[in-house]
Amino acid sequence: MRGSLGLMGNWAKIGLLLLMLSTMGCNTLKKVGEDELLLTKNSIYVNEEKVSTSEIKGLISQKPNSSVLGYPLRLNLYNLAKENPDSSFQDWLHRKEKREKRLNNLLSQKQVSRLQESFIVKGASEFLERVGEPPVVIDTSLTRKSVERLEAYYNSKGYFNNNGSYEIVEGKRKKRAEVEYNINLNKPYIIDTVQKNITSPELDSIYTHSARRSFVKQGEQFDLDNFTLERERLTTLFRNSGVYNFQESSINYDILRDTIKNADDQLMDVQLNIKKFRSTTDSSDTNAPYRIARLKKINIYADYAINGDSDSLKTLEYDNYTIHYHDKLRYRPKALTDAIFFQKDSIYRDLDRIRTYRQITNLNTFKYPNIEFIADSTQTELISNIYLAAKPKFSLNLNFDVTHSNIQQVGTAFSTSVITRNVFGGAETLNISARGSIGLLSDASLSNETFTSELGGDINITFPRIWFPFNTEKIIPGYMLPQSRLLAGTNFQRNIGLDKQSLNSILSYNWSPTDRLKNNIELLNVEFVRNVNPDNFYNVYRNTFSNLDNIADDFQNDPQFASFYETVDNTTDSLRLNIPEGANEFVRAVLNNEVPVTEDQLDEVNSIAERRRRLTDNNLIFASNFTHTKNSKSGINDNDFYQYRIKLESAGNVLSLMSNIVPYNKNDNGQLLVFGVPFSQYIKSELDYIRHWEIGDSQVIAFRSFFGMAVPYGNSDNIPFVRSYFAGGSNDNRAWNAYELGPGKTSNINDFNEANLKLAFNVEYRFPIAGDVKGALFADAGNIWNVFDNESNPDAIFQGISSLGDIALGTGLGLRYDFTYFVFRLDVGFKTYNPARVGADRWFNEYNIRNAVLNIGINYPF
C-alpha cells in the first residue's frame, strides 16, 4: 500500500510539472498579436546546403528569443510585466466595494495613492521589462534586410551574381513560425592579374621585395577580406621600413571588370594604388611622395611637466641620446636609454615605437609616455622627443577583507604595502608589504585557543633587466620586457594546526617574447617551514586520531597501558588515549611489538606514525623551476581562446651535489641535514590547459585539464605538504570540499588529504539568464593519488590504467552575477560518482541536496 501511495505521489509530481510547462507555454504567446508570428528559428541554405557558422548567422537581423536550456526565460519574465500597471492597480482596488475604503482607513488616502507609484505595483513591472525580453515577432522588412546582408556578404566573397530569397514556414503550434533563407551563389569571380600604381619609388621597391607574401594573388577567388588584410599588411610593412607617416587610407584597389577576357571564366584584373601623402587639411594630392626617414636626433625629457619651463633644462649626451632634466638627473642614463628602442641614424620602425611604449610602461616608474616625431622639409630626417612624467616616488596601498573557510567561522584580514620607485636610480621598484589576520575557529578542539592569528611580511625588489653575471641581451633582448625579482619574506601562524613559521626567499626572472607568451625562471626558491607545535597533531587531524583511538580501545582495560588513557566526560566507562603523550606512547609500543595487535592494525599504526612524522617534521625546500605560459585571448571580450601553462621544478639537487664537498650530518633515517633539517629532494612537472568555445548568444563552453606529478628521490621519500596536491574546492571538483577528496578510492581518511599525483578535468556550459545574471552547468572529474613515495595503502596508490576508475565525478549548477570588474559566483556540486564507495553505490548514492556542496567564489574557476 505504501509503495502504491509513493507511485501515486510521483505521478502527481509529474502531472504538476506538465501543468506548469503548459502554463508557461501559454504565457510565451501572451504579448503576440493575433496577426503576428513568434520567430522560433532561422535556417540558412546556401546552394541548398544548410549553413550554421556563427559568422553567417550573425548577418540575420532578427533572431529568436534567447533561452535557458530551451526555455525562453527572459521572454516569459517580460510577459509577466503588466502592460498598464496603473490601470491594473485601479481595477484591483475597485474590484471589491469596500477595499478602497478599508485601505484608506488603514494607510490613509495619500499613502494609497503613493502605493500605486511604488515599486510593488509599478516598479515590479518596470523591473521585469528591463531584465526580460519582448517577443521577437517576424518583421518582413527586417527579413528582407537580412537577405540583402547575405547577398552583400557573398558579393564580398566574389559571388557577384548571387541572389537570395526567404520563406516563412508556420509551425504546427499556433502563432509560431520559422524563417528559411535561401542563397544561390552561381559562379565566383577569379583574379586574373594584379597590377600596381605606386607613386613613391621607394615604396614600390619595398612592395616588390614582399609581393610574394601578398594576400591578393593571381588565380585566387575574389575575397574582400583578403584586400583588407593586404592593406593592413602593407601599412605595417611601410611603417616598419622607415615611412613613419604612412596612412592606410593611401591604399586602394580598382576592380577592372571591363577587362574580362571571357565571360564564362569570370576573370577580373585588379590594380593596387598607393597614393601620395595627403594631410587632413589638404584636399589636393600635390604633396611629395612618401619617403624613407631616418632618426637624426633622439631627445629624452626625464622630468617632463606639461606646464614646466623647458628653457631651464640641463642636457646630457649619452650613447647618441640627449637627456634633458631639471637640476639633477634622478635616473642612471643607461636605465633610460635601455628603454628606448630607437637608434640614431637608423630608419624609423613603428615596431620600435610600440616596444618603447611597452618598456617604459613596464618600468612602473613613469606615467604613460608621450612620443612625438618632427620631420624636416624633405621628410627624410626625424627628431624624436620622448616625454617622461614620473609617477610619485612613494605610494601606499591598504586592503581589508572578511574571510570564511572550513577552519574559520569568520575572519578578518588586512594587508598594506609601501612602494618605492627608482630606488637605486635604475628604475627599480621596492615593495615592502605586511599582512595579518585573525579569525574565530570553527572547531575549538583544533587548538587550545578559540582564535587563529597570522602575521607576515615581504620585501620585494624588481629590476627592469636580467640581473645576472653574464650579458643576456642576445638571448633575452630588451623588447621582451625582462625583469628580475628578489624577494625575502616570513610568515607566523599561531593557534591553528601546528603553528607554522616560515621563511622564504626567491630570485626569479621573467620575460615576454610576445604579448601572448610569458616565461618565468625561479633560479632560487628557498623555503624553510618550522612546525612550532607538533604536539597538537592529533588535535588537528581528528580522523587520524579516531583511527588510532579505535585500535587502542581493545587495550584500555590492560593495566600496563593504563597511563596511555584519560577519562572522557568524567566517566570511567569512557576512556580514550590522552593527547599527546598517550597517543605517542601507544604508537611507540605497537611499533616495538609491545602491544598484541593484528597485522592490519600494525599497518594502520605504522601509517599513522609515518604521516605524523611527515607532517610534523620541519621542511627545507631548495628549489628551481621554469614556467612557460601562452594565452591566445585577444581581448577582454574574446570568448574563443586557449591558454596553457607548463611548469618544471627540481628541488634539492644543488644541496645533494654539495654533499661531496660539505660533510653533512645525518638523522636516524640516513637523511642529510642542513641546519639540522633534512632537505627535500624531488622533481615536479605540471601541465594546465584551458579552452573556451563561444557557441553564440553569449553562450560559452569552457574546458580545463590539469596534470601534475611530484616524485621524491634521494634525500626524500615524500613530498612536503606545502608542495603536494589536493582535490576538491571551489576551483577544482566542486562536489567535494577542499582536501576532502582522495587519495584514490580512500574515503576522507585524513582531515587534510594530499598526495603527489593529480588529474583534473572540468567542463562548464555558461549561458546568460537575465541582465547581469549568468548561469552554468558543470561537470568536474579528477582525483589525487600517491606514487613513488612511502605510502603503503594500496587504495591511495596509483596502480596504472586501472586506477583511472578512481576518478571522481561531480556535477552541478551555478549562478553568477557580473559586476563588470569581477564576477560573484555561487556553485552547487553533487557527488555523481564517488570512488570511495563500492560497486553500484558509487553512482548517484549521495546525489541529493543534503550531501550537496555549496561553493562561493570570485570570478570564474577557469
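At what angle do the axes of helix α14 and helix α16 cross? Select residues 542-552 for α14 and residues 599-616 for α16: in this predicted model, the two axes come within 10 Å and cross at roughly 145°. The crossing of α14 and α16 is left-handed.

Next, show the side chains where these helices meet. On α14, pick T544, N547, L548 and I551; on α16, their counterparts are Q601, E604, V605, I608 and R611. By class, this contact has four nonpolar, three polar and two charged residues.

Centre on Y538. Beyond its neighbours within four places in sequence, Y538 is in contact with F545, L548, I579, A583, N584, V587, I608 and R612.

Last stop: residues 201-210 for helix α9 and residues 224-239 for helix α10. Their axes lie 11 Å apart, at an angle of about 120°. The helices α9 and α10 are therefore oblique to each other, and α9 passes α10 in a right-handed crossing. To see the contact, select L203, I206, Y207 and S210 in α9, then E230, R233, L234, L237 and F238 in α10. Six residues of the contact of α9 with α10 are nonpolar, one is polar and two are charged.

Key. Residues numbered from 1 in each chain as written. Predicted model: local features only at pLDDT ≥ 70, side-chain atom pairs only at ≥ 80, totals over all residues. Heavy atoms only, no water. Axes fitted to C-alpha atoms, helices over the stretch in contact; angles between N-to-C directions. Helix = DSSP H or I, 4+ residues; strand = E, 2+ residues; numbered from the N terminus. Left-handed = near helix turned anticlockwise from the far one by under 90°. Contact = heavy atoms within 4.5 Å. Nonpolar A, V, L, I, M, F, W, Y, C, P; charged D, E, K, R; others polar. Parallel < 35°, antiparallel > 145°, perpendicular 65-115°, else oblique.
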